Amino acid sequence: MARALVPDLLSPHPLGAHLPALYQAKDPFALGLAAALDNVMAPVFASLDNLDAYLDPRMAPPDFLDWLGTWVGVALDDSWTLERRREFVARATSLHRVRGTVRGLRAYLEVVIGSDVEVEESGGTAWSTAVGEPFPGRPDFEVEVTLRAGGSRALDLDQLDALVAAAKPANVRHRVSVQGTAPEGPGPDEEHGS
């Protein structure tokens, strides 16, 4: 999957073989020029022959992955590992389908953070055949996200809060809390949110 000059990369379609016989037999300059063009065209052929690998987020070159992410409407954070960035682009369309739901928020945070997340919402859905039954859930819309801090990896509470704020519906308040080892931010087992 080359996109530049690569030493010793052979062209699958050498131009010298397609020159008229006169140039192939008696013109070293034409053969040399064709060979030089082969060196330029070989990466183009290699890229086109491997185009499916460029379009697969799990195989695309890292610099191409960022551009591929723009095709599905995601911006990648340079601080993420390459594996996490690949996973995020690969799952982007399925995450867009459930955006704004508890399931979507949980899936988004699990991909971005790389660990399990608990999400509780205040609302609810139910049905009843009796008239005058109380509505399910609470009247104010709120989501509470709880993360478990793991081992040596510290979690930044402000970043988590920003991730939740970006992924939830605008009219829903949220709270983020981290349980476990000390996160970077206000302190262990503390809450943050708006």
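Helix α7 (residues 102–113) packs against helix α8 (residues 157–167) at an angle of about 140°, and their axes lie 10 Å apart. The model is predicted. Its secondary structure comprises eight helices and four strands.

**The α7/α8 pair**
- Two packed helices are described by the angle between their axes and by the distance between those axes.
- The crossing of α7 and α8 is right-handed.
- On the α7 side, the residues in contact are L105, Y108, L109, V112 and I113.
- Their partners in α8 are L160, L163, V164 and A167.

**Chain layout**
- From the N terminus, the order of elements is α-α-α-α-α-α-α-β-β-α-β-β.
- Among contacts with a separation of 6 or more, 52% join residues 24 or more positions apart.

**Burial and surface**
- The chain has 194 residues, and 32% of them count as buried.

**A nonpolar patch**
- L15, F29, L33 and L37 make a nonpolar surface patch of about 390 Å².
- F29, one of these residues, sits in helix α2 (residues 28–49).
- F29 counts as exposed because its relative accessibility is 63%, and the cut-off for exposed is over 50%.

Conventions
Residues are numbered from 1 along each chain as its sequence is written. This is a predicted model: local features need pLDDT of at least 70, side-chain atom pairs count only at pLDDT 80 or more; totals for chains, interfaces and linings use all residues. Side-chain values use heavy atoms; hydrogens and water are left out. Patches are made of residues with over 30% relative accessible area and no salt bridge: like charges are joined within 9 Å, nonpolar side chains (Val, Leu, Ile, Met, Phe, Trp, Tyr) within 5 Å. Accessible areas come from the Shrake-Rupley method with a 1.4 Å probe; for residues, only the protein chains shown count as cover. A salt bridge is a side-chain nitrogen of Lys or Arg within 4 Å of a carboxyl oxygen of Asp or Glu. Helices (H or I, at least four residues) and strands (E, at least two) are DSSP runs, numbered from the N terminus. Buried means under 20% relative accessible area, exposed over 50%, partly exposed in between (1.4 Å probe, protein chains only). Axes are lines fitted to C-alpha atoms, for helices over the stretch in contact, and angles run from 0 to 180 degrees between N-to-C directions. A crossing is left-handed if the near helix is turned anticlockwise from the far one by less than a right angle, and right-handed if clockwise. Contact means heavy atoms within 4.5 Å.
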